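Here is a short briefing on one protein model. Look over the sequence and structure first, then read the points by topic.

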Amino acid sequence: MAEDKAKVPAPETAVDMAPQKENMRQAYVKIVIVVAAYWIVSIGMVFLNSYLLSSKDIKLDAPLFITFSQCVTGVLCLYLLSKFGSRLSFLDEFPAFEVNPAIMLQLLPLSVVFVGMIAFNNLCLKFVGVAFYNVGRSLTTIFNVGLTYLILRQSTSVRAVICCSGIIAGFLLGVQQEDSSLKKSPTSTNSDLLKGVIFGVSASCCVALNAIFTKKFLPVVDRNLWRLQIYNNINASLLFVPLILLFGEIPVLLHYPNLSSGSFWFMMLLSGVMGIAIAYVTGLQIRVTSPLSHNVSGTAKACAQTVLAVVYHSQYKTGLWWLSNVLVMFGSAAYTYVKQGEMLAQRRAQEEAAANTSAANRDITKV
């Protein structure tokens, strides 16, 4: 009896559990800080880009030049981070700033898609504003499903397709409601909405293509996303130059009265810095939470962003307009949840198959 009692483990005391609670508290605080940083940077970047592209204060009709400046600023930021990031523990992941012309050429197809993605995103934002921006470029998931099948020959489950139908319904309802509201607006026109929708759909296609091409070309840069950012931003900076010339933005810049304004260039520099910051905090949020949690956070952020835009601009929106946003956000979140579940089920099946194969091999060895 004395031996049996000696084997009973002593219960954990409050002193023993204190370090665990402290570690959990620190983890929760870190998650809250990272998610808050993601929300602040992401929402701030969208509002700042909207201000640069369509504000009455800026009045610069040169969206390609603005996007080009953001890419150049991105290259500068990545160079500084590669030089000085090693001195800071939370920035030690940045690789050396090295540029290989052969790799630049290899990544050119991806960079062309990247240019389309960021240019169409900004053009969509210019013509539809922040409030409708989320719905205007909500078809990324639909293009992702279609292009994944066409390029990679990977099919999508019925449940995921049902989620996509909700996104499409929300997009179509949103366009119809936005069109109705613009007919009563003295400042915006339906032609602006048409341009914004076309650019939004184009941006959605490019975002989906960018995701597929990134997977394809990532091994070229040793699967390092920051090296990919360096090459993409350098290539994009070069690709935007002929586009700026082609679309006649040089005369616009030469006659722009605020071209020498310090406040204008500060805002331009800040938008470029935030472009790199959003890439960093996005990766950080996925790391401290999970891909599913990141997508849920992104959906909630989009909702908050839409509400903030409507309140800030004192806009009136109908119940059906809000319903379109709900359909898009709910459909996107549901699609993410379904795909995550399917990936986990596939992974478990692969692990079970590997375990069964290993067990069968052991049995054969014994025989």
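Q285 is in contact (heavy atoms within 4.5 Å) with V34, V35, Y38, S290, H294 and S297, leaving aside neighbours within four places in sequence. This is a predicted model: local features need pLDDT of at least 70, side-chain atom pairs count only at pLDDT 80 or more, and totals for chains, interfaces and linings use all residues. Residues are numbered from 1 along each chain as its sequence is written, and side-chain values use heavy atoms, without hydrogens and water.

**Q285**
- Q285 sits in helix α11 (residues 262-288); helices are DSSP runs of H or I, at least four residues, numbered from the N terminus.
- Q285 is buried, at a relative accessible area of 0%; buried means under 20% (1.4 Å probe, protein chains only).

**Nonpolar cores**
- A nonpolar core is a set of buried Ala, Val, Leu, Ile, Met, Phe, Trp, Tyr and Cys residues joined through side-chain atoms within 4.5 Å.
- The largest one has 75 residues; L60, F65, L107, F132, F213, V221 and F240 touch the most other members.
- Helix α5 (residues 108-136) gives this core its largest share, 15 residues.
- F213 touches P109, L110 and V113, not counting residues up to four places away in sequence.
- A second, separate core has seven residues, among them V145, C163, C164 and A334.

**I40**
- I40 belongs to helix α2 (residues 14-54).
- I40 is exposed, with a relative accessible area of 61%; exposed means over 50%.
- I40 and I278 lie 238 residues apart in sequence and 9.5 Å apart in space, C-alpha to C-alpha.

Methods. Helices (H or I, at least four residues) and strands (E, at least two) are DSSP runs, numbered from the N terminus.
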